[in-house]
Amino acid sequence: MAIETWLAFFVACWVISLSPGAGAIASMSSGLNYGFARGYWTAFGLQLGLLLQIAVVAAGVGALLATSSLAFNLIKWFGVAYLLYLAWRQWHAQPVAMEEEVLLRPLGQPLVLVFRGFLVNVSNPKAVVFMLAVLPQFLDLAQPMLQQYAVMAVTMIAVDLIVMAGYTGLAAKVLRLLRSPQQQRIMNRAFAGLFAGAASLLMLVRRAGA
């Protein structure tokens, strides 16, 4: 991949990652609930989902989602159901007592948070179709495809990890300001609304040409 092409792709990655979406909401929710050190595990799960999406596009399976209404809708409605489940969980999250320096939050098991992030990303069929439309534009058909997809994957994941660190850290800082149960309840329900909003937007997604 030529350096000029890579730089253009690098800029595109920042634009894509910074755009608010279900992944950003999941990262902020984890930062809010568990702090940065534990909550950041969700970002690793998001990257596993992103890596799988790139692999799907590279393998040509993404074309199936772009042309098969059944495959597209199965994944879409799974994603809607999962985001609504996260909204329900966040809405019913109980406020916790906080000391001046110690945040007493339930332990977020790393593997659970990784799996949660993975499901958020992998259950969005529009992301696969989007990548199917975008990634090939940066490919040099005269060069080996595998190496180019590998460079793109590393670039996208590196940028997204930085962006999600920002979202997680920002939410973790907000956590320190939430002292009263009422403040925590308002914040939990605000994030529940964001998850429900993301689910609503996913409901409106239609396969191109459908």
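## Aromatic pairs and nonpolar core

Trp-14 counts as partly exposed, at 28% relative accessibility. The model is predicted. With ring centres within 6.5 Å as the cut-off, the count comes to 6 aromatic pairs. In one of them, the rings of Phe-10 and Trp-14 sit with centres 6.1 Å apart and planes at 85°, so this pair is edge-to-face.

**The pair in H1**
- Both Phe-10 and Trp-14 belong to helix H1, which covers residues 3–18.
- They are 4 residues apart, about one turn of the helix.
- Phe-10 is partly exposed, with a relative accessible area of 29%.

**The Tyr-40 and Phe-44 pair**
- Tyr-40 and Phe-44 also form an edge-to-face pair, at 5.2 Å centre to centre and 70° between the planes.
- Tyr-40 has 14% relative accessibility, under the 20% limit, so it counts as buried.
- Phe-44 is partly exposed, at 36%.
- Ring pairs join Tyr-40 and Phe-44 with Phe-36 and Trp-41 in a cluster.

**The largest nonpolar core**
- This core holds 41 residues.
- Phe-9, Ile-54, Met-131, Leu-135, Met-156 and Phe-195 touch the most other members.
- Helices that each supply at least two core residues include H1, H2 (22–39), H3 (41–58), H5 (69–91) and H9 (181–204).
- Helix H8 (145–175) is also on that list, and H8 gives the most, with 10 residues.

**Contacts of Met-131**
- Beyond its neighbours within four places in sequence, Met-131 is in contact with Leu-50, Gln-53, Ile-54, Val-57, Pro-136 and Met-156.
- Ile-54 and Met-156 are also among the core residues that touch the most other members.

How values were computed. Residues numbered from 1 in each chain as written. Predicted model: local features only at pLDDT ≥ 70, side-chain atom pairs only at ≥ 80, totals over all residues. Heavy atoms only, no water. Phe/Tyr/Trp six-rings, centres within 6.5 Å; stacked < 30°, edge-to-face > 60°. Buried < 20%, exposed > 50% of the residue type's maximum accessible area, 1.4 Å probe, protein only. Core = buried A, V, L, I, M, F, W, Y, C linked by side-chain atoms within 4.5 Å. Contact = heavy atoms within 4.5 Å.
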